Amino acid sequence: MRLPEEQFLTVIANTPLVSIDLIIRKPSGAILMGRRINEPAKDYWFVPGGRIYKNEDLEDAFKRICNDELGVSLTITQARLIGAFTHKYQTNALRAAGVTTHYVVLAYDLGILDLQFDIEAQHSQTQWITQSEANRPNSDVHVNVLPYFKTA
C-alpha cells in the first residue's frame, strides 16, 4: 500500500524503511547496476531494488520488485538471501530538505541468470560493474553496494 506523500515523508523521517536489493552477477563476478535517477543515491550506480510496502508479504514484495525493477517474473525461492544491510542517506525520495533516509535492506543474490533485464525505469543507464571498477577512486558506485561484491 502506497501512502500519500505527506504521510510517507513522516514515515521516512521517523522510521527505517525495509527494502530488497537484487544482485545479479556474471561469471566474472561483475554485478548489474544502473545509474539512479531518483533520490536517495541519485546519479550513483546502484543495484536494482525497492521497498516493501506495509501489509505486503516478503514473497509478494520480491515478485513485485523483480517485475518492476527487472521486467522479469521471479520467485524468492529462485534467490539466495545474502544478508541484511543498513543503508543511510542524507537525502530522501521526496527531496524534502533536512530529512534523511534509513533502510534495512534484505539483499538477495539472483546468481547468474540468462535473461534479458529492463532496469531503466529507475535508472538512466545500465552497466555490468566489476569489484575493481567499483573500488576505483572517485567511482560513482554507491558505497552501500560495495559489500555485495564480497558475498559471492
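**View 1. Serine 19 in strand E1.** Serine 19 is part of strand E1, where strands (E, at least two residues) and helices (H or I, at least four) are DSSP runs numbered from the N terminus. The model is predicted: local features need pLDDT of at least 70, side-chain atom pairs count only at pLDDT 80 or more, and totals for chains, interfaces and linings use all residues. Residues are numbered from 1 along each chain as its sequence is written, and side-chain values use heavy atoms, with hydrogens and water left out. With a relative accessible area of 5%, serine 19 is buried; buried means under 20% relative accessible area, exposed over 50%, and partly exposed in between (1.4 Å probe, protein chains only). Leaving aside residues up to four places away in sequence, serine 19 touches Gly50, Arg51, Ile52, Tyr103, Val104, Val105 and Leu106. Contact means heavy atoms within 4.5 Å.

**View 2. The open sheet E4-E1-E6-E5.** Four strands form an open sheet in the order E4-E1-E6-E5, with mixed pairing; two strands pair if DSSP finds at least two bridges between them. Strand E4 (49-51) and strand E5 (80-89) stand at the edges with a single partner strand each, so one side of each has no neighbour in the sheet. On average, neighbouring strands of this sheet are turned by 25 degrees against each other, direction ignored. Axes are lines fitted to C-alpha atoms, for helices over the stretch in contact, and angles run from 0 to 180 degrees between N-to-C directions.

**View 3. Strand E1 beside E4, with helix H2.** Strand E1 (residues 17-24) and E4 run antiparallel and are joined by three bridges. Opposite isoleucine 20 stands glycine 50 in E4. Helix H2 (residues 58-70) packs on the sheet and touches E1, E4 and strand E6 (101-111). The direction of H2 makes about 55 degrees with that of E1.

View 4. In strand E2 (residues 31-36), six of six residues are buried. Five bridges pair E2 with strand E7 (residues 123-129) in the antiparallel sense, and methionine 33 has glutamine 127 in E7 as its bridge partner. E2 also runs antiparallel to strand E3 (residues 45-46), with two bridges; here glycine 34 is partnered by phenylalanine 46.

**View 5. Phenylalanine 149 after helix H3.** Phenylalanine 149 lies in the segment that follows helix H3 (131-134) and, at 8% relative accessibility, counts as buried. Among the residues it touches, not counting those up to four places away in sequence, are Ile31, Met33, Ile129 and Ala134. Arginine 25 is 124 residues away along the chain, and its C-alpha atom is separated from that of phenylalanine 149 by 9.3 Å.
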